[in-house]
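Hi everyone, thanks for coming.

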Amino acid sequence: MTAEPHPTATDRPATTGRLPLRRRLLPVLALLLLAPWAAECSWGGFAIDGFLPVLIFLGPMYGGAAILIRETARHLGAGWPTIVLLAGAFGVLQAGLVDQSLFNPDYLDDTQYADTRAAAEATLVPGLGFSLRQAFDYVGNHIVLTICAPIVLVESFLGNGRRLRPWLGRPGLAVIGVIYLLGSLLIFSDSSGRKDFLASPLQLTFATVLVLALVATALLPRWRRPRPRRGRRVPHPLWVALLVVLVRFGTDLTPGWAGVTIALALAAAAGALIVYWSSRDGWGQRHVLAAGTAGLVTAAAFAYLVPPYSPASPAAALAGDVAVTVVTLALIGGAWWRLRASPAVHVAAT
């Protein structure tokens, strides 16, 4: 998920003005709705009657962030490293500064995940009062589900000529920025969002510095430079997807500090291997789709095994899980078919 064509000067923001407004807004709307659904519903967090409220109340925050991150990378002519780093910055911002779930030990006590508190406290970082295990889960899920998977899916439905181009100009970005800020403010101020908790000045400072560091790293010029290609054969996209799925299973092998260490090592190793594969000839959007949506498929499969946040009837919970399966398969299957129906395009590693 770390490579794609390096845009030329003709692919920069000026080209978006040549497209009709409707064509530019359709993928924006799709990403605005898909991001909150993937973030909170795709893994079973809500029964089926909670899907619509999630889209309405969390769409501005999650969807707005996904659009801003995608547009920032595409306007800069940057690749997936920029998107992943900005997604990590958003994950820290969301969990550390907006709802502050990262620092609130009571955050899940009023949900059906209250029993996870003991496991979280086993990996508390001294002096900062947050669980490294929870940080890995919260930020990792925002990277994979909230940001990357929705962007991959929407871009895969677009033609080769539009996939890497920006959708919005400065006025549109300003509107999305306001929508995102208002959505975040709603969660910060709502009793069910931040839950009347306020992190300490040290915790807030730590989160702020980490966000700024990730953003600064994401905006480095190196991510916009084309990299030389290796002539070795690229693996089939399904092997790329299998790697991501195996990492997901491996991150839950054991609790405590040993488990977090294994999870971090597996994620780093998988990322390095995908970077290596993406520099080979033949790496294309199908590989990007496989890497970007394998986590979504895994989340949808586990949805049958986890309860929603709030108690729900067995019928509503099962209907939600089935809906997640249908939507996930339809989206990924449709994107795969769309890529097979369009001419193959080799992509350059970034």
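**A glycine, a serine and a surface patch**

Let's start with G295, which is found in helix α10, residues 285–302. Keep in mind as we go that this is a predicted model.

Is G295 buried or exposed? Its relative accessibility is 14%, and the cut-off for buried is under 20%, so G295 counts as buried. Which residues does G295 contact, once we set aside its neighbours within four places in sequence? They are V144, L145 and V244. As for Y138, that residue is 157 residues away from G295 in sequence, and the two C-alphas are 14 Å apart in space.

V244 takes us over to helix α8, where V244 is one of the buried residues. Helix α8 runs over residues 237–250, 14 residues in total, and spans 20 Å from first C-alpha to last, close to the 20 Å expected at 1.5 Å a residue.

L145 leads us to S42, because L145 is also among the residues that S42 touches, within the 4.5 Å contact cut-off. Beyond four places in sequence, S42 also touches W37, L296, A299, A300, A303 and V324. S42 is found in the loop between α1 and α2, and with 0% relative accessibility S42 counts as buried. Its side chain reaches the backbone oxygen of A38 at 2.5 Å.

Finally, let's go out to the surface. V178, L182, L185, F188 and L198 form a nonpolar patch there, with about 480 Å² of accessible area together. L185 itself sits in helix α6, residues 170–189.

That's my tour, and I'm happy to take questions!

Methods: Residues numbered from 1 in each chain as written. Predicted model: local features only at pLDDT ≥ 70, side-chain atom pairs only at ≥ 80, totals over all residues. Heavy atoms only, no water. Patch = residues over 30% accessible without salt bridge, like charges linked within 9 Å, V, L, I, M, F, W, Y side chains within 5 Å. Areas by Shrake-Rupley, 256 points an atom, 1.4 Å probe, with all protein chains shown as cover. Salt bridge = Lys/Arg side-chain N within 4 Å of Asp/Glu carboxyl O. Helix = DSSP H or I, 4+ residues; strand = E, 2+ residues; numbered from the N terminus. Expected span 1.5 Å × (residues − 1). Buried < 20%, exposed > 50% of the residue type's maximum accessible area, 1.4 Å probe, protein only. Polar contact = N/O pair within 3.5 Å; in protein donor to acceptor, adjacent residues only side chain to side chain.
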